[in-house]
Amino acid sequence: MATYIVGDLHGCFKEFQMLLEKAQFDEKQDEIWLTGDLVARGDDSLACLRFVKNLGEKAQTVLGNHDLHLLSTLLGIKRVKPSDKVEPIFKAPDRDELQNWLRNQPLMVQHPKYGFLLVHAGISPEWDLSTATQCAREAEALLKSENYANYIAQMYENHPDHWDNNLQGIDRWRYIVNVFTRMRFCYLDKRLDFTCKLPIEDAPAELKAWFELDNPLFKQQNIIFGHWASLMGKCARPNIYALDTGCAWGNHLTMVRWEDKQVFTQVRLGS
């Protein structure tokens with residue numbers, strides 16, 4: 001049995017299938033872990049959702065910001081962006097089933113055998129592993145609750161940008177979700193920044209990538225994330241893996257086989 005981890009699919013279903021074929025993925029024996037953002041921008045988000053869902057226990061994804069945005073549009077909270085190409089999901093006979101499956105996915109998971117942490121955007125530089133785990137479970141419980149639409153409707157804010165264990169209610173929820181699904185840069189005092197989307201080398205001096213800040217967890221733990229396509233898989237820390245390589249933006253899809261760290265890639269096909 002092999003363990004594969006793949007970066008953000010963003011609806012690039014054909015490329016995903018070609019990548020699995022290259023790696024000789026066996027859905028009966030192997031398992032695949034996904035960094036989230038299964039949907040939006042690529043040509044077949046519906047097929048991506050169905051395929052991952054139908055793999056059952058052989059697949060584990062985390063929620064990304066585009067996955068949450070899809071939930072908000074399905075709920076009528078946000079408008080659909082034509083560029084996301086998700087209209088087929090709205091017309092699908094299994095729409096409700098897919099919607100409920102998606103909202104029940106975690107924000108962070110740890111592999112039971114290899115111990116790596118899988119997240120979409122990152123882990124707060126202000127958290128240790130215990131806090132990160134607790135926060136993920138708190139936010140996931142709200143997404144699984146009957147009132148989840150009320151929380152999703154209130155998540156579209158950039159504050160609070162600093163962690164305080166005494167945060168409560170929607171402020172606590174919003175910080176947790178923003179960390180796991182939206183974070184890229186932080187200030188040197190570890191506050192979150194959501195304005196800068198420049199390459200790391202061009203960012204202002206007062207900003208650092210979240211994984212560049214001082215946190216013992218970032219040195220001790222293998223962490224795998226997606227979200228940040230402009231990194232193109234480059235991360236200065238050898239134990240932190242950036243797997244979003246911008247397939248939906250004309251680049252390629254990246255997958256790693258964990259046992260031997262072999263990397264498989266598939267370039268974006270012409271639309």
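In the predicted model, three strands form an open sheet in the order β7-β6-β8, with antiparallel pairing. Strands here are DSSP E runs of at least two residues and helices are H or I runs of at least four, numbered from the N terminus; two strands pair if DSSP finds at least two bridges between them. The edges of the sheet are β7 (192-193) and β8 (207-209), each of which pairs on one side only. Strand β6 (residues 185-187) is joined to β8 by three bridges in the antiparallel sense, and Cys186 stands opposite Lys208 in β8. Residues are numbered from 1 along each chain as its sequence is written. Because the model is predicted, local features need pLDDT of at least 70 and side-chain atom pairs count only at pLDDT 80 or more, whereas totals for chains, interfaces and linings use all residues; side-chain values use heavy atoms, with hydrogens and water left out.

A parallel pairing is found between strand β1 (residues 3-6) and β2, which are joined by four bridges. Within this pairing, Tyr4 has Ile32 in β2 as its bridge partner. Buried denotes a relative accessible area under 20%, exposed over 50%, and partly exposed in between, computed with a 1.4 Å probe on protein chains only.

Side chains of opposite charge can pair when their charged atoms come close. The criterion for a salt bridge is a side-chain nitrogen of Lys or Arg within 4 Å of a carboxyl oxygen of Asp or Glu. The whole structure contains 13 salt bridges by this search. One of them is formed by Glu15 and Arg268, whose closest N and O atoms are 3.5 Å apart. Glu15 belongs to helix α1 (residues 13-22) and Arg268 to the segment after β12 (262-267), so this pair ties together parts that are 253 residues apart in sequence. Glu15 and Arg268 are both buried.

A salt bridge also connects the side chains of Lys85 and Asp43, with an N to O distance of 3.3 Å. This pair links distant parts of the chain, 42 residues apart: Lys85 lies in the loop between α3 (65-74) and α4 (87-91), and Asp43 in the loop between β2 (31-34) and α2 (45-54). Lys85 is partly exposed, at a relative accessible area of 35%, and Asp43 is likewise partly exposed, at 47%. Glu15, Asp43, Lys85 and Arg268 are linked in a network of salt bridges.

In a further salt bridge, the side chains of Arg172 and Glu138 meet at 2.7 Å, N to O. Here the linked parts of the chain are 34 residues apart, with Arg172 in helix α8 (residues 169-181) and Glu138 in helix α6 (residues 129-144). Arg172 is buried at a relative accessible area of 10%, whereas Glu138 counts as partly exposed at 27%.

Helix packing was examined for α3 and helix α5 (residues 95-103), which pack at an angle of about 135 degrees with their axes 10 Å apart. Axes are lines fitted to C-alpha atoms, for helices over the stretch in contact, and angles between N-to-C directions run from 0 to 180 degrees. The helices α3 and α5 are therefore oblique to each other, since angles under 35 degrees count as roughly parallel, over 145 as roughly antiparallel, 65 to 115 as roughly perpendicular and the rest as oblique. The crossing of α3 and α5 is left-handed, a term that applies if the near helix is turned anticlockwise from the far one by less than a right angle, with clockwise being right-handed. Asp67, Leu70, Leu71 and Leu74 in α3 are in contact with Arg95, Gln99, Leu102 and Arg103 in α5, contact meaning heavy atoms within 4.5 Å.

Several backbone features occur in loops. His159 and Pro160 are joined by a cis peptide bond with omega of about 5 degrees, and Pro160 is located in the loop between α7 (148-153) and α8. Gln24, a residue other than glycine, has a positive phi near 55 degrees. Gln24 lies in the loop between α1 and β2 and is exposed, with a relative accessible area of 67%. Ala40 also is not a glycine and has a positive phi of about 90 degrees. Ala40 is placed in the loop between β2 and α2 and is buried, with a relative accessible area of 2%.
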